[in-house]
Amino acid sequence: MSAARRGAALAALGAVALLAGCADLGYYWQSASGHLGLMRAARPVPQWLEDPATSDALKAKLALAQRIRAFAVAELGLPDNASYKSYADLHRNAVLWNVVAAPPHSLTLKTWCFPVAGCVGYRGYYDEAAAKAEAATQQAQGLESAVYPVPAYSTLGWMNWAGGDPLLSTFIGYPEGELARLVFHELAHQVLYVPDDTMFNESFATAVERIGGARWLKTQASEAARLDYAQFDDRRQQFRALTADTRRALDAVYHSPEAKAQDWPAVDAKKAAAMAEFRQRFALLRAGWTGPRQGAYDGWVARANNAMFGAQAAYDELVPGFEALFEREGEDWPRFYAAVKRLAEMPKLERRQALGAPARSQPLAALR
């Protein structure tokens, strides 16, 4: 990035930080400086491909990512802009770490509010230690909290003028099917983003990644890539079915007669039983898996609590509704996006119900 563009980007990010007021200035400064560091590390993909110091393996992944990027535009109707045409090596295993928190008797995530993005059910940090400190603060306030690594995020198209969102070392090594899904997911956020509705935004992007990923694998990938993807996706669907079952069980506990009577010891006993069943069922699933990614969900299960289940719901809950909408629109991407934008204009509860969300998946209250 040129010095002039770096300066302009810093000014823009600094202005966003000031919008939040002095109380959160430290947090917004780490966000601005963290993103600026990412952009500073990025170079156009052709430069990496021409650099003799770039490994053959990385060159192959970068070339694949550019084919995926072109497919996203030509076949999925996703934006054709500067994003994912550069690459940055971050020399760490995550681009940032998200903190999530929820009450001990609810799956409703605490929300944090930001300029532009609105209120979301997570708070991101470029430093893992800072994220863990924030999680500890939430625990001290009586909430269940967790920290999880994030391989990529979207600037929603706001930074395309400054070079866009780069490909990152945190995900470039993913298997082909997973790499395609991630690129499609993040680009989907540039099609549509609704402030104050994390579940709508993430479920929409997940639907795009799933439908688009299936098309990529069917028409572009090798048989070996399809087999590799199928094996891992089967595990992913098993795990998501298990977490969905557990969310329903926990939701039933938190809406039980005991909860309405505020008999919290009885509620806690039922909650503990649901969590124990979750871990027992996961252990049985895991025992049937083999290969290098057998432990892919171990970290998730270790952190599992109301906050983690609430965060997972944001990515899963409305996906079937979006997939059904895609079919109703004749599997036509422009028509689908137009229909989603119409939904986005509706009140939150109405658009979620239009997508088939059960009544109890709606937040009981916003926590800020």
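At 19% relative accessibility, Leu156 counts as buried. Buried here means under 20% relative accessible area, exposed means over 50%, and partly exposed lies in between (1.4 Å probe, protein chains only). The model is predicted: local features need pLDDT of at least 70, side-chain atom pairs count only at pLDDT 80 or more, and totals for chains, interfaces and linings use all residues. Residues are numbered from 1 along each chain as its sequence is written, and side-chain values use heavy atoms, with hydrogens and water left out.

**Positive phi**

Leu156 has a phi near 65°, a positive value in a residue other than glycine. Leu156 sits in the loop between β7 (144-150) and β8 (167-168). Helices (H or I, at least four residues) and strands (E, at least two) are DSSP runs, numbered from the N terminus. Gln262 also carries a positive phi, near 60°. Its loop runs between α9 (257-260) and α10 (264-287). Most residues other than glycine have a negative phi.

| Residue | Relative accessibility | Class |
|---|---|---|
| Leu156 | 19% | buried |
| Gln262 | 57% | exposed |
| Cys113 | 36% | partly exposed |
| Cys119 | 10% | buried |

**Disulfide**

The structure holds one disulfide, a pair of cysteine sulfur atoms within 2.5 Å. Cys113 is joined to Cys119, with S to S at 1.9 Å. The torsion about this S-S bond is about 95°, so the disulfide is right-handed.

**Nonpolar cores**

A nonpolar core is a set of buried Ala, Val, Leu, Ile, Met, Phe, Trp, Tyr and Cys residues joined through side-chain atoms within 4.5 Å. The largest one has 94 residues. Leu78, Leu167, Phe200, Phe204 and Phe336 have the most contacts inside it. Helix α7 (residues 198-219) gives the most to this core, with nine residues. A second, separate core has 15 residues, including Tyr27, Tyr28, Ala117 and Ala135.

Which residues does Phe204 touch, not counting residues up to four places away in sequence? They are Ala188, Val191, Leu192, Phe322, Phe336, Tyr337 and Val340. Contact means heavy atoms within 4.5 Å. In soluble globular proteins, nonpolar side chains tend to be buried together.

**Strand β3**

Seven of the seven residues of β3 (residues 96-102) are buried, so the strand is largely enclosed by the rest of the structure. Both faces are covered. One side holds Leu96, Asn98, Val100 and Ala102; the other holds Trp97, Val99 and Ala101.

Two strands pair if DSSP finds at least two bridges between them. β3 runs antiparallel to β7, joined by seven bridges. β3 also pairs with β6 (residues 123-125) in the antiparallel sense, over three bridges. Asn98 stands opposite Tyr148 in β7 and opposite Gly124 in β6.

**Helices α6 and α8**

The axes of α6 (residues 176-191) and α8 (residues 223-254) come within 8 Å and cross at roughly 65°. Axes are lines fitted to C-alpha atoms, for helices over the stretch in contact, and angles run from 0 to 180 degrees between N-to-C directions. From α6, the contact uses Glu176, Gly177, Glu178 and Arg181. From α8, Ala225, Tyr229, Phe232, Asp233, Arg236 and Arg240 take part. By class, this contact has three nonpolar, one polar and six charged residues. Ala, Val, Leu, Ile, Met, Phe, Trp, Tyr, Cys and Pro count as nonpolar, Asp, Glu, Lys and Arg as charged, and the others, Gly among them, as polar.
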